[in-house]
Amino acid sequence: MWFDRHADASVRVREALPGEHDHHAFGPEPLAPNQKIAVVVQAAPGRRTRIPFKVVTTPTAGAAISPQ
């Protein structure tokens with residue numbers, strides 16, 4: 001698991017997995033190609049939570065979410 005390999009980290013930002021969060025939580029329209037749903041995962045010993053938020057990437061469709 002990611003946190004096992006990064007023991008000093010307590011937060012990870014990553015792109016949501018398909019179906020992990022419904023894009024309709026961000027409005028009735030589908031997300032544009034440059035919009036992604038990211039997830040903040042906080043870790044504490046034995047506890048994790050996923051909080052979705054919308055990210056607008058560069059205009060290039062398919063751009064990845066960077067940790068920055």
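**Figure 1. Overall view of the predicted model.** Of the 68 residues of the protein, 16% count as buried, where buried means under 20% relative accessible area, exposed over 50%, and partly exposed in between (1.4 Å probe, protein chains only). This is a predicted model, in which local features need pLDDT of at least 70, side-chain atom pairs count only at pLDDT 80 or more, and totals for chains, interfaces and linings use all residues. Residues are numbered from 1 along each chain as its sequence is written, and side-chain values use heavy atoms, with hydrogens and water left out. The protein has 1 helix and 3 strands, in the order α-β-β-β from the N terminus. Helices (H or I, at least four residues) and strands (E, at least two) are DSSP runs, numbered from the N terminus. The accessible surface comes to about 5000 Å², and carbon and sulfur atoms hold 55% of that surface; areas come from the Shrake-Rupley method with a 1.4 Å probe, and for residues only the protein chains shown count as cover.

**Figure 2. Confidence along the chain.** The average pLDDT (the predictor's confidence in each residue, from 0 to 100) is 75 for the protein, and 79% of the residues score at least 70. Helix α1 (residues 2-5) has the highest confidence, at 82, and β2 the lowest, at a mean of 75. Where pLDDT is low, the predicted coordinates should not be read in detail.

**Figure 3. The largest nonpolar core.** Phe3, Ala16, Ile37, Val39 and Val41 make up this core of 5 residues. Strand β2 (residues 35-44) gives the largest share of the core, 3 residues. A nonpolar core is a set of buried Ala, Val, Leu, Ile, Met, Phe, Trp, Tyr and Cys residues joined through side-chain atoms within 4.5 Å. Beyond its neighbours within four places in sequence, Val41 is in contact (heavy atoms within 4.5 Å) with Phe3, Ser10, Val11, Arg12, Arg14, Arg48, Thr49 and Arg50. In the protein, 39% of the contacts with a separation of 6 or more join residues 24 or more positions apart.

**Figure 4. Arg14 in strand β1.** Arg14 belongs to strand β1 (residues 11-15). Arg14 counts as buried because its relative accessibility is 14%. With neighbours within four places in sequence left aside, the contacts of Arg14 are Glu20, Ile37, Ala38, Val39, Val41 and Arg50.

**Figure 5. Gln42 in strand β2.** Gln42 is a residue of strand β2. Its relative accessibility is 44%, so Gln42 counts as partly exposed. The C-alpha atoms of Gln42 and Val13 are 9.0 Å apart in space, and the two residues are 29 apart in sequence. Leaving out neighbours within four places in sequence, Gln42 is in contact with Ser10, Val11, Arg47, Arg48 and Thr49.

**Figure 6. Pro18 and His21 in the loop between β1 and β2.** Pro18 is placed in this loop, and His21 lies in the loop between β1 and β2 as well. Pro18 has a relative accessible area of 82% and is therefore exposed. For His21 the relative accessible area is 24%, so His21 is partly exposed. Pro18 and Ile37, 19 residues apart in sequence, are 9.7 Å apart from C-alpha to C-alpha. His21 and Pro52 are separated by 7.1 Å, C-alpha to C-alpha, and by 31 residues in sequence. Apart from neighbours within four places in sequence, His21 is in contact with Ile37, Val39, Arg50 and Pro52.
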